[in-house]
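Work through the exercises below with the structure open. Each task is followed by a stepwise solution.

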Amino acid sequence: AGGGAGPVGRRRGLGREPLVPSRPRLLGRGRRRGHEAEAEERVSRLLPGVDRRPPLRAGQPCDCLPPLRAAAEQLRQKDLRISQLQAELRRPPPAPAQPPEPEALPTIYVVTPTYARLVQKAELVRLSQTLSLVPRLHWLLVEDAESPTPLVSGLLAASGLLFTHLVVLTPKAQRLREGEPGWVHPRGVEQRNKALDWLRGRGGAVGGEKDPPPPGTQGVVYFADDDNTYSRELFEEMRWTRGVSVWPVGLVGGLRFEGPQVQDGRVVGFHTAWEPNRPFPVDMAGFAVALPLLLAKPNAQFDSTAPRGHLESSLLSHLVDPKDLEPRAANCTRVLVWHTRTEKPKMKQEEQLQRQGRGSDPAIEV
């Protein structure tokens, strides 16, 4: 067996030919090269721009680090761009720049009666900050008091608004008694009339701007109570009033809103539930009057003896006919002011501590 194997082994070893035929091995290499080419094509599609190198041969060391780094950098850049786009989508749009105030813009004179109570400063701070957003505005703040109070004087000085500080005390016969409902005596009558007197050049200012508007001043007068809520848009709606402009008021008269009914751009009626036959069934916050019209009617003022709900009519009846009212706020279809009221704070614990001599420090202004 050994002798027979020698010649065969020598014959097979001639020329050092391999024992296994070479054709199957060549086919295997072709398949591998095909797979490599397919994989390279997939990488090129997924990661365009990646450095394409010739396929490795058997035994050749793999230098894969540069293409992997390039692929990782591409992915990082894409992730960064996605993050930037997501941040831009979350960012709120920039607020429009406030246009410069043209001198020809009519001034809005806002008349606010106020009286001392626990929530007075809170109400006035909120209102003053709304008014500070409105260009060309003059605040007439009228205290129901014998003399100006430090609280109101200090608040006006810190408001940054153009203001006039007025003071007039409500007569004793017209004051509400403790526990008496607000409709028994209309509040703020003397104070609103005091502001009208100042506008007509009758003086009385105790602080701020003391000179009334000169003759020919273009402006509009609005009666804004200190406990209502006002949209900034409302003031631009009223600014160009020619006579008397009107709009709806929300949360008033036991209704979701109360206001004029408009047809073909003219007021034809009023949406109201209480005494709809009043001459002007509108809320105090629901109208504005052109300054020239008020100055041309020197006897037009609020009547403290007017029946309940007729206070607004006591002024407007001297100024305009209902058919000549100017509808604003998209023909009175938008509510831009709300007749809100701050809840009266309960001071039970404060009173108890005061009886014990441990009440809140009265020197701290609230």
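A nonpolar core is a set of buried Ala, Val, Leu, Ile, Met, Phe, Trp, Tyr and Cys residues joined through side-chain atoms within 4.5 Å. Keep in mind that this is a predicted model.

**Exercise 1. The cores**

Task: find how many residues the largest nonpolar core has, and which have the most contacts inside it.

Solution. 
- Step 1. The largest nonpolar core has 35 residues.
- Step 2. Phe 223, Val 244, Phe 287 and Leu 319 have the most contacts inside this core.
- Step 3. Helix 6 (residues 189-199) gives the largest share of this core, five residues.
- Step 4. Another core, of 30 residues, lies apart from it; among its members are Leu 137, Ala 224, Val 252 and Leu 336.
- Step 5. Now take Leu 319. Leaving aside neighbours within four places in sequence, Leu 319 is in contact with Val 244, Val 289, Leu 293, Leu 294, Lys 297 and Ala 300.

As background, nonpolar side chains tend to be buried together in soluble globular proteins.

**Exercise 2. Two listed positions**

Task: take Arg 187 and Asp 227 from the UniProt "binding site" list. Is Arg 187 buried, partly exposed or exposed? Is Asp 227 buried or exposed?

Solution. 
- Step 1. The unreviewed UniProt entry lists both under "binding site", along with others including Tyr 115, Arg 192, Thr 340 and Arg 341.
- Step 2. Arg 187 is in the loop between strand 3 (162-167) and helix 6.
- Step 3. Arg 187 has 43% relative accessibility, so it counts as partly exposed. The band runs between 20% and 50%.
- Step 4. Not counting residues up to four places away in sequence, Arg 187 touches Tyr 115, Leu 176 and Arg 192.
- Step 5. Asp 227 sits in the loop between strand 5 (219-223) and strand 6 (229-230).
- Step 6. Asp 227 counts as buried because its relative accessibility is 19%. The cut-off is under 20%.

Conventions:
Residues are numbered from 1 along each chain as its sequence is written. This is a predicted model: local features need pLDDT of at least 70, side-chain atom pairs count only at pLDDT 80 or more; totals for chains, interfaces and linings use all residues. Side-chain values use heavy atoms; hydrogens and water are left out. Buried means under 20% relative accessible area, exposed over 50%, partly exposed in between (1.4 Å probe, protein chains only). Helices (H or I, at least four residues) and strands (E, at least two) are DSSP runs, numbered from the N terminus. Contact means heavy atoms within 4.5 Å. UniProt positions are given in the numbering used here, feature names are shortened, and annotations may be inferred rather than shown by experiment.
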